[in-house]
Amino acid sequence: MILYLLRHGEAVQNAGDSERVLTANGFEETRRMAAYFKKKMEMPLAVYHSPKIRTTQTAECFTQGIGFDGELQVNTDLAPDQEVDDIYTFCQTLKENTLLVGHFPILPALSTSLINGGITHPVLIHETSGLVGLRQTSPGDWHLLFSISP
């Protein structure tokens, strides 16, 4: 099972957190990442994103670019102000290739926690529209496959 972690694209800075939308560059870097993904990666069977506008836009743009035709699902545990514990637990229940679209600092904390078995001091840095792939080889055993930026 592969878990893909995608940070939202570049977003405007001059708005409240819940109103931040993607910039033109944010859409472009997400489209570039989707084009690369489509050529090189296995299709996710499930997609979850934070309830923030910028992650919704990123998830929609990315999944359109890779040809994903399933339902996009909101997961509030991916919001930027959440602790990593709940989304970490959620990831342990996944059984199929899944894409999570979220924020800094939750995604770096999550990737580090999964790889290191719960230690949350972030090691991987996720740039905007950056994508990390983790493979679960057995329950609770996660390995870094790649970390790429647009």
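Helices (H or I, at least four residues) and strands (E, at least two) are DSSP runs, numbered from the N terminus. The model is predicted: local features need pLDDT of at least 70, side-chain atom pairs count only at pLDDT 80 or more, and totals for chains, interfaces and linings use all residues. Residues are numbered from 1 along each chain as its sequence is written, and side-chain values use heavy atoms, with hydrogens and water left out.

**View 1. Thr 63 in helix α2.** Thr 63 sits in α2 (residues 53–66). Its relative accessibility is 5%, so Thr 63 counts as buried (under 20% relative accessible area, 1.4 Å probe, protein chains only). Beyond four places in sequence, Thr 63 contacts Val 47, Phe 68, Leu 72 and Leu 99 (heavy atoms within 4.5 Å).

**View 2. The largest nonpolar core.** This core has 20 residues. A nonpolar core joins buried Ala, Val, Leu, Ile, Met, Phe, Trp, Tyr and Cys residues through side-chain atoms within 4.5 Å. Those with the most contacts inside it are Leu 3, Leu 5, Ile 87, Cys 91, Leu 100 and Leu 110. Helix α4 gives the largest share, five residues.

**View 3. Aromatic pairs at Tyr 4.** Rings of Phe, Tyr and Trp (its six-membered ring) pair if their centres lie within 6.5 Å; planes under 30 degrees apart count as stacked, over 60 as edge-to-face and the rest as tilted. Tyr 4 and Phe 37 are edge-to-face, at 4.8 Å centre to centre and 75° between the planes. Tyr 4 lies in β1 and Phe 37 in α1 (residues 24–40), so the pair ties together parts 33 residues apart in sequence. The rings of Tyr 4 and Phe 146 have centres 6.3 Å apart and planes at 35°, so this pair is tilted.

How values were computed:
Buried < 20%, exposed > 50% of the residue type's maximum accessible area, 1.4 Å probe, protein only.
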